[in-house]
Amino acid sequence: MTKILGIETSCDETAIAIYDEQKGIIAHQLYSQIALHGEYGGVVPELASRDHVRKIIPLVDAAFKQAGMSHEDLDAIAYTQGPGLIGALLVGATTGQSLAFAWKLPSIGIHHLEGHLLAPMLEERKPTYPFLALLVSGGHTMLVDVKELGDYDIIGESIDDAAGEAFDKTAKIMGLDYPGGPILAKLAEKGTNETLRFPRPMTDRPGLDFSFSGLKTFAANKITASDGSEQSKADIAKAFQDAVVDTLAIKCKRAIQQTCRKSLVVAGGVSANLALRQKLAELMKSFNGEVFYPRHEYCTDNGAMIAYAGYCHFKQQEGKKKTRQSGSHWLESYSIKVHPRWPMSEAF
Ligand code: KG4
Ligand code: ZN
(Lines give C-alpha, C1' and ligand atoms only; values in the text may rest on other atoms or scores of the structure.)
(Ligands and ions follow the chains in the order given, each with its own letter.)
Protein backbone atom coordinates (compact mmCIF):
# COMPACT_ATOMS: atom_id res chain seq x y z
CA MET A 1 0.00 0.00 0.00
CA THR A 2 1.37 3.38 -1.02
CA LYS A 3 2.62 5.60 1.80
CA ILE A 4 3.56 9.25 1.34
CA LEU A 5 5.32 11.62 3.76
CA GLY A 6 3.99 15.20 3.54
CA ILE A 7 5.96 18.30 4.60
CA GLU A 8 4.39 21.76 4.99
CA THR A 9 6.46 24.82 5.97
CA SER A 10 5.07 27.65 3.80
CA CYS A 11 4.30 30.06 6.65
CA ASP A 12 4.20 29.71 10.43
CA GLU A 13 3.32 26.04 10.92
CA THR A 14 5.84 23.21 10.74
CA ALA A 15 3.67 20.26 9.76
CA ILE A 16 4.44 16.64 8.89
CA ALA A 17 2.01 13.84 8.06
CA ILE A 18 1.97 10.38 6.53
CA TYR A 19 -0.82 9.27 4.21
CA ASP A 20 -1.49 5.57 3.77
CA GLU A 21 -3.50 4.51 0.72
CA GLN A 22 -5.53 2.03 2.77
CA LYS A 23 -5.78 3.66 6.21
CA GLY A 24 -5.72 7.37 5.34
CA ILE A 25 -3.69 9.72 7.56
CA ILE A 26 -1.62 7.57 9.95
CA ALA A 27 0.58 10.35 11.36
CA HIS A 28 -0.17 14.01 11.87
CA GLN A 29 2.35 16.29 13.57
CA LEU A 30 2.11 20.06 13.76
CA TYR A 31 4.01 22.78 15.56
CA SER A 32 2.45 26.22 15.41
CA GLN A 33 4.67 29.29 15.74
CA ILE A 34 1.78 31.50 16.93
CA ALA A 35 3.43 32.22 20.31
CA LEU A 36 6.73 33.10 18.59
CA HIS A 37 5.17 35.74 16.32
CA GLY A 38 2.48 36.90 18.74
CA GLU A 39 4.48 39.72 20.29
CA TYR A 40 5.15 41.20 16.82
CA GLY A 41 1.49 41.07 15.78
CA GLY A 42 2.29 39.14 12.61
CA VAL A 43 4.65 36.57 11.09
CA VAL A 44 8.34 37.57 11.09
CA PRO A 45 9.77 35.65 8.09
CA GLU A 46 13.33 35.16 9.39
CA LEU A 47 12.10 33.91 12.77
CA ALA A 48 9.72 31.55 10.96
CA SER A 49 12.54 30.01 8.86
CA ARG A 50 14.80 29.51 11.87
CA ASP A 51 12.07 27.87 13.86
CA HIS A 52 11.18 25.50 10.99
CA VAL A 53 14.85 24.40 10.98
CA ARG A 54 14.64 23.63 14.71
CA LYS A 55 11.38 21.69 14.57
CA ILE A 56 11.27 19.85 11.26
CA ILE A 57 13.46 16.79 11.91
CA PRO A 58 12.02 16.04 15.39
CA LEU A 59 8.55 16.22 13.81
CA VAL A 60 9.54 13.79 11.03
CA ASP A 61 10.81 11.39 13.72
CA ALA A 62 7.61 11.82 15.72
CA ALA A 63 5.52 11.07 12.60
CA PHE A 64 7.32 7.77 12.00
CA LYS A 65 6.87 6.87 15.65
CA GLN A 66 3.17 7.72 15.54
CA ALA A 67 2.66 5.63 12.39
CA GLY A 68 4.77 2.77 13.75
CA MET A 69 6.89 2.60 10.61
CA SER A 70 10.28 3.63 9.23
CA HIS A 71 11.36 5.48 6.11
CA GLU A 72 11.84 2.09 4.43
CA ASP A 73 8.06 1.77 4.24
CA LEU A 74 7.66 5.06 2.34
CA ASP A 75 6.98 5.35 -1.40
CA ALA A 76 7.56 9.09 -1.90
CA ILE A 77 8.02 12.43 -0.15
CA ALA A 78 5.78 15.42 -0.91
CA TYR A 79 6.62 18.95 0.21
CA THR A 80 5.08 22.39 -0.28
CA GLN A 81 6.97 24.06 -3.12
CA GLY A 82 5.04 27.36 -3.02
CA PRO A 83 3.51 29.85 -2.68
CA GLY A 84 4.68 31.15 0.69
CA LEU A 85 7.60 32.77 2.53
CA ILE A 86 10.80 31.98 0.65
CA GLY A 87 12.93 31.08 3.67
CA ALA A 88 10.19 28.98 5.22
CA LEU A 89 9.55 27.14 1.95
CA LEU A 90 13.27 26.46 1.52
CA VAL A 91 13.45 24.62 4.85
CA GLY A 92 10.70 22.19 3.81
CA ALA A 93 11.99 21.79 0.26
CA THR A 94 15.59 21.21 1.36
CA THR A 95 14.52 18.70 3.96
CA GLY A 96 12.14 16.91 1.58
CA GLN A 97 14.65 16.71 -1.25
CA SER A 98 17.54 15.66 1.00
CA LEU A 99 15.55 12.90 2.67
CA ALA A 100 14.26 11.71 -0.70
CA PHE A 101 17.82 11.64 -2.07
CA ALA A 102 19.19 9.82 0.97
CA TRP A 103 16.36 7.30 1.05
CA LYS A 104 16.25 6.87 -2.75
CA LEU A 105 12.64 7.94 -3.00
CA PRO A 106 10.83 10.09 -5.55
CA SER A 107 9.92 13.60 -4.35
CA ILE A 108 6.91 15.66 -5.32
CA GLY A 109 6.65 19.46 -5.04
CA ILE A 110 3.09 20.48 -4.16
CA HIS A 111 1.24 23.76 -4.73
CA HIS A 112 0.03 24.84 -1.28
CA LEU A 113 -3.41 25.86 -2.56
CA GLU A 114 -3.94 22.52 -4.24
CA GLY A 115 -3.30 20.99 -0.83
CA HIS A 116 -6.12 23.11 0.64
CA LEU A 117 -8.39 22.28 -2.32
CA LEU A 118 -8.00 18.53 -1.87
CA ALA A 119 -8.17 18.51 1.96
CA PRO A 120 -11.93 17.68 2.05
CA MET A 121 -11.03 14.43 0.24
CA LEU A 122 -9.57 13.20 3.54
CA GLU A 123 -13.06 13.04 5.07
CA GLU A 124 -15.41 10.07 4.96
CA ARG A 125 -18.10 12.22 3.31
CA LYS A 126 -16.18 13.69 0.42
CA PRO A 127 -16.97 15.32 -2.92
CA THR A 128 -16.47 13.72 -6.31
CA TYR A 129 -15.05 15.57 -9.33
CA PRO A 130 -16.11 17.97 -10.76
CA PHE A 131 -16.85 20.51 -8.01
CA LEU A 132 -16.68 24.21 -7.29
CA ALA A 133 -14.16 25.26 -4.63
CA LEU A 134 -14.06 28.40 -2.53
CA LEU A 135 -10.51 28.84 -1.24
CA VAL A 136 -10.36 31.31 1.62
CA SER A 137 -7.05 31.59 3.43
CA GLY A 138 -4.81 34.28 4.87
CA GLY A 139 -3.13 34.83 1.52
CA HIS A 140 -5.79 33.92 -1.06
CA THR A 141 -9.47 34.18 -1.90
CA MET A 142 -10.44 32.23 -5.00
CA LEU A 143 -13.28 30.47 -6.73
CA VAL A 144 -11.96 27.45 -8.59
CA ASP A 145 -13.82 25.17 -10.97
CA VAL A 146 -12.18 21.82 -10.20
CA LYS A 147 -12.78 19.55 -13.19
CA GLU A 148 -10.48 16.77 -12.05
CA LEU A 149 -7.12 16.31 -10.32
CA GLY A 150 -4.74 18.88 -11.83
CA ASP A 151 -7.41 20.56 -13.98
CA TYR A 152 -8.27 23.77 -12.16
CA ASP A 153 -9.98 26.79 -13.67
CA ILE A 154 -9.77 29.97 -11.55
CA ILE A 155 -13.02 31.82 -12.19
CA GLY A 156 -12.75 34.49 -9.48
CA GLU A 157 -10.18 35.91 -7.06
CA SER A 158 -9.41 38.82 -4.79
CA ILE A 159 -7.99 41.92 -6.40
CA ASP A 160 -6.54 43.12 -3.06
CA ASP A 161 -6.71 41.70 0.48
CA ALA A 162 -7.62 38.03 0.94
CA ALA A 163 -10.60 37.22 3.19
CA GLY A 164 -8.35 35.95 6.02
CA GLU A 165 -6.11 38.97 5.65
CA ALA A 166 -9.15 41.25 5.95
CA PHE A 167 -10.15 39.42 9.17
CA ASP A 168 -6.60 39.72 10.55
CA LYS A 169 -6.11 43.39 9.64
CA THR A 170 -9.52 44.41 10.97
CA ALA A 171 -8.84 42.50 14.19
CA LYS A 172 -5.54 44.36 14.56
CA ILE A 173 -7.27 47.72 14.07
CA MET A 174 -9.75 46.66 16.77
CA GLY A 175 -6.88 45.91 19.15
CA LEU A 176 -7.51 42.15 19.25
CA ASP A 177 -4.71 39.62 19.80
CA TYR A 178 -2.85 37.81 17.02
CA PRO A 179 -3.92 35.85 15.02
CA GLY A 180 -7.00 38.01 14.77
CA GLY A 181 -9.33 36.08 12.44
CA PRO A 182 -10.66 33.45 14.86
CA ILE A 183 -10.68 35.97 17.76
CA LEU A 184 -12.74 38.46 15.76
CA ALA A 185 -15.11 35.62 14.78
CA LYS A 186 -15.56 34.70 18.46
CA LEU A 187 -16.26 38.32 19.37
CA ALA A 188 -18.80 38.58 16.53
CA GLU A 189 -20.94 35.93 18.28
CA LYS A 190 -21.73 38.55 20.96
CA GLY A 191 -22.80 41.19 18.43
CA THR A 192 -26.48 42.17 18.62
CA ASN A 193 -26.82 45.39 16.63
CA GLU A 194 -28.84 44.51 13.52
CA THR A 195 -28.83 48.03 12.07
CA LEU A 196 -25.05 48.43 11.72
CA ARG A 197 -24.27 47.40 8.16
CA PHE A 198 -20.97 47.23 6.23
CA PRO A 199 -20.89 47.31 2.39
CA ARG A 200 -20.75 44.08 0.34
CA PRO A 201 -17.86 45.03 -2.00
CA MET A 202 -18.14 44.37 -5.74
CA THR A 203 -21.54 42.68 -5.51
CA ASP A 204 -23.31 45.51 -7.36
CA ARG A 205 -21.63 44.56 -10.64
CA PRO A 206 -21.29 41.30 -12.53
CA GLY A 207 -18.26 39.04 -12.10
CA LEU A 208 -16.71 36.72 -9.54
CA ASP A 209 -13.77 38.76 -8.23
CA PHE A 210 -13.50 40.02 -4.66
CA SER A 211 -12.19 43.13 -2.95
CA PHE A 212 -11.95 43.20 0.84
CA SER A 213 -9.45 45.97 1.52
CA GLY A 214 -12.11 48.70 1.94
CA LEU A 215 -13.78 46.84 4.82
CA LYS A 216 -10.93 47.43 7.27
CA THR A 217 -11.10 51.20 6.66
CA PHE A 218 -14.87 51.06 7.13
CA ALA A 219 -14.29 49.20 10.41
CA ALA A 220 -11.67 51.74 11.53
CA ASN A 221 -14.14 54.60 10.99
CA LYS A 222 -16.86 52.76 12.91
CA ILE A 223 -14.47 52.14 15.81
CA THR A 224 -13.46 55.82 15.96
CA ALA A 225 -17.14 56.82 15.98
CA SER A 226 -18.15 54.24 18.64
CA ASP A 227 -18.27 54.60 22.44
CA GLY A 228 -15.44 52.05 22.77
CA SER A 229 -17.50 49.61 24.85
CA GLU A 230 -17.11 45.83 24.55
CA GLN A 231 -20.64 45.64 23.13
CA SER A 232 -19.83 48.16 20.40
CA LYS A 233 -16.72 46.19 19.51
CA ALA A 234 -18.75 43.00 19.26
CA ASP A 235 -21.34 44.77 17.09
CA ILE A 236 -18.64 46.03 14.73
CA ALA A 237 -17.06 42.55 14.61
CA LYS A 238 -20.43 41.02 13.72
CA ALA A 239 -21.20 43.61 11.05
CA PHE A 240 -17.75 43.07 9.51
CA GLN A 241 -18.09 39.28 9.55
CA ASP A 242 -21.61 39.45 8.09
CA ALA A 243 -20.27 41.56 5.20
CA VAL A 244 -17.43 39.14 4.39
CA VAL A 245 -19.68 36.09 4.69
CA ASP A 246 -22.48 37.64 2.60
CA THR A 247 -20.05 38.75 -0.10
CA LEU A 248 -18.49 35.28 -0.32
CA ALA A 249 -21.96 33.69 -0.48
CA ILE A 250 -23.18 36.05 -3.21
CA LYS A 251 -20.17 35.19 -5.39
CA CYS A 252 -20.53 31.46 -4.67
CA LYS A 253 -24.16 31.67 -5.77
CA ARG A 254 -23.14 33.29 -9.05
CA ALA A 255 -20.39 30.73 -9.59
CA ILE A 256 -22.79 27.84 -9.00
CA GLN A 257 -25.25 29.35 -11.46
CA GLN A 258 -22.43 29.78 -13.99
CA THR A 259 -20.87 26.33 -13.66
CA CYS A 260 -23.98 24.29 -12.67
CA ARG A 261 -21.85 22.33 -10.18
CA LYS A 262 -23.74 20.52 -7.43
CA SER A 263 -20.89 20.29 -4.91
CA LEU A 264 -19.14 23.19 -3.21
CA VAL A 265 -15.86 22.64 -1.40
CA VAL A 266 -14.79 25.29 1.10
CA ALA A 267 -11.16 25.19 2.18
CA GLY A 268 -8.38 27.32 3.69
CA GLY A 269 -8.19 28.87 7.16
CA VAL A 270 -11.37 30.97 6.90
CA SER A 271 -13.40 27.81 6.14
CA ALA A 272 -13.24 27.25 9.91
CA ASN A 273 -15.61 30.24 10.29
CA LEU A 274 -18.97 29.00 11.58
CA ALA A 275 -21.06 31.89 10.19
CA LEU A 276 -19.62 31.20 6.73
CA ARG A 277 -20.34 27.48 7.04
CA GLN A 278 -23.95 28.14 8.01
CA LYS A 279 -24.51 30.58 5.16
CA LEU A 280 -23.01 28.30 2.52
CA ALA A 281 -24.96 25.28 3.80
CA GLU A 282 -28.18 27.28 3.28
CA LEU A 283 -27.02 28.36 -0.17
CA MET A 284 -26.25 24.84 -1.39
CA LYS A 285 -29.51 23.56 0.09
CA SER A 286 -31.36 26.03 -2.12
CA PHE A 287 -29.59 24.49 -5.14
CA ASN A 288 -30.25 20.91 -3.95
CA GLY A 289 -26.50 20.61 -3.74
CA GLU A 290 -24.00 19.85 -1.01
CA VAL A 291 -21.17 21.62 0.73
CA PHE A 292 -17.96 19.91 1.86
CA TYR A 293 -15.32 21.03 4.38
CA PRO A 294 -12.14 19.60 5.77
CA ARG A 295 -12.24 18.82 9.50
CA HIS A 296 -11.11 21.73 11.67
CA GLU A 297 -7.40 20.78 11.91
CA TYR A 298 -7.19 20.36 8.13
CA CYS A 299 -8.75 23.79 7.43
CA THR A 300 -5.66 25.74 8.45
CA ASP A 301 -2.16 24.81 7.26
CA ASN A 302 -1.25 21.18 7.86
CA GLY A 303 0.90 18.35 6.53
CA ALA A 304 -2.01 15.96 5.87
CA MET A 305 -3.22 17.92 2.85
CA ILE A 306 0.30 17.93 1.38
CA ALA A 307 0.76 14.19 1.95
CA TYR A 308 -2.63 13.54 0.32
CA ALA A 309 -1.98 15.82 -2.69
CA GLY A 310 1.38 14.05 -3.05
CA TYR A 311 -0.38 10.70 -3.02
CA CYS A 312 -2.82 11.81 -5.77
CA HIS A 313 0.02 12.97 -8.03
CA PHE A 314 2.13 9.91 -7.26
CA LYS A 315 -0.74 7.67 -8.37
CA GLN A 316 -1.44 9.75 -11.44
CA GLN A 317 2.22 9.61 -12.42
CA GLU A 318 2.40 5.86 -11.79
CA GLY A 319 -0.58 5.38 -14.11
CA LYS A 320 1.13 7.43 -16.81
CA LYS A 321 4.30 5.39 -16.46
CA LYS A 322 2.34 2.19 -16.95
CA THR A 323 0.62 3.39 -20.08
CA ARG A 324 3.43 5.44 -21.64
CA GLN A 325 6.43 3.44 -20.39
CA SER A 326 8.22 6.71 -19.73
CA GLY A 327 9.81 7.98 -16.54
CA SER A 328 8.88 11.34 -15.15
CA HIS A 329 11.45 14.03 -14.54
CA TRP A 330 9.65 15.92 -11.86
CA LEU A 331 9.51 12.86 -9.65
CA GLU A 332 13.20 12.13 -10.02
CA SER A 333 14.92 15.51 -9.88
CA TYR A 334 16.44 16.50 -6.56
CA SER A 335 17.18 20.13 -7.39
CA ILE A 336 15.87 22.51 -4.73
CA LYS A 337 13.52 25.07 -6.18
CA VAL A 338 10.69 26.93 -4.46
CA HIS A 339 8.14 29.42 -5.80
CA PRO A 340 7.25 32.14 -3.23
CA ARG A 341 4.80 33.60 -5.77
CA TRP A 342 3.18 30.87 -7.78
CA PRO A 343 -0.13 31.64 -9.49
CA MET A 344 -2.21 28.47 -9.77
CA SER A 345 -2.73 29.21 -13.44
CA GLU A 346 1.05 28.80 -13.97
CA ALA A 347 1.34 25.64 -11.93
CA PHE A 348 -1.30 23.53 -13.67
O1 KG4 B 1 -4.99 28.57 5.34
P2 KG4 B 1 -4.37 29.28 6.46
O3 KG4 B 1 -4.05 28.51 7.71
O4 KG4 B 1 -3.03 29.96 6.06
C5 KG4 B 1 -2.80 30.48 4.80
O6 KG4 B 1 -2.41 29.69 3.90
O7 KG4 B 1 -3.03 31.70 4.66
O8 KG4 B 1 -5.34 30.51 6.81
C9 KG4 B 1 -5.11 31.37 7.87
C10 KG4 B 1 -6.17 32.45 7.87
C11 KG4 B 1 -5.83 33.59 8.81
O12 KG4 B 1 -6.02 34.81 8.13
C13 KG4 B 1 -6.86 33.41 9.94
O14 KG4 B 1 -7.18 34.61 10.58
C15 KG4 B 1 -8.03 32.85 9.19
O16 KG4 B 1 -7.44 31.93 8.27
N17 KG4 B 1 -9.00 32.17 10.08
C18 KG4 B 1 -10.25 32.61 10.30
C19 KG4 B 1 -10.83 31.69 11.21
N20 KG4 B 1 -9.90 30.73 11.52
C21 KG4 B 1 -8.79 31.04 10.80
N22 KG4 B 1 -10.93 33.65 9.80
C23 KG4 B 1 -12.19 33.82 10.20
N24 KG4 B 1 -12.83 33.01 11.09
C25 KG4 B 1 -12.20 31.95 11.62
N26 KG4 B 1 -12.83 31.14 12.48
ZN1 ZN C 1 -2.75 27.80 3.75
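Two residues are in contact when heavy atoms of theirs lie within 4.5 Å. Keep that in mind as you explore this predicted model of a protein chain with 348 residues. Let's start with the whole chain and then zoom in on a few residues.

**The overall fold**

- Twelve helices and ten strands make up the secondary structure of the protein chain.
- The radius of gyration is 21 Å, close to the 20 Å from the globule rule for 348 residues, so the chain is as compact as a globular protein of that length.
- If you draw a box along the principal axes, the C-alpha atoms fill roughly 65 × 45 × 30 Å.

**Inside and outside**

- Of the 348 residues in the protein chain, 52% are buried.
- The accessible surface comes to about 15,600 Å², and carbon and sulfur atoms account for 52% of that area.
- Counting charged side chains gives 37 positive and 41 negative ones.
- The centres of these two sets of charges lie 3 Å apart.

**A look at the cysteines**

- How many disulfides does the chain have? The count comes to zero, where a disulfide would need a pair of cysteine sulfur atoms within 2.5 Å.
- Take Cys 11: the closest cysteine sulfur belongs to Cys 299 and is 16 Å away, so the two are too far apart for a bond.
- Cys 260 is in no disulfide either, and the nearest cysteine sulfur, in Cys 252, is 15 Å from its own.
- Is Cys 260 buried or exposed? With a relative accessibility of 59%, Cys 260 counts as exposed.
- Cys 11 has a relative accessibility of 24% and therefore counts as partly exposed.

**Zooming in on Ala 267**

- You can find Ala 267 in strand 9, which covers residues 263-267.
- Ala 267 has a relative accessible area of 1%, so this residue is buried; the cut-off for buried is under 20%.
- Which residues does Ala 267 touch, leaving aside neighbours within four places in sequence? Its contacts are His 116, Leu 117, Leu 134, Leu 135, Val 136 and Pro 294.
- Gly 84 is 183 residues from Ala 267 along the chain, and the C-alpha atoms of these two residues are separated by 17 Å.

Definitions and conventions: Residues are numbered from 1 along each chain as its sequence is written. Chains are lettered from A and ligands numbered from 1 in the order in which they are written. This is a predicted model: local features need pLDDT of at least 70, side-chain atom pairs count only at pLDDT 80 or more; totals for chains, interfaces and linings use all residues. Side-chain values use heavy atoms; hydrogens and water are left out. Helices (H or I, at least four residues) and strands (E, at least two) are DSSP runs, numbered from the N terminus. The radius of gyration is taken over C-alpha atoms; the globule rule is 2.2 Å times the number of residues to the power 0.38. Buried means under 20% relative accessible area, exposed over 50%, partly exposed in between (1.4 Å probe, protein chains only). Accessible areas come from the Shrake-Rupley method with a 1.4 Å probe; for residues, only the protein chains shown count as cover. Lys and Arg count as positive and Asp and Glu as negative; His and the chain ends are not counted. The place of a charge is taken as NZ of Lys, CZ of Arg, CG of Asp or CD of Glu.
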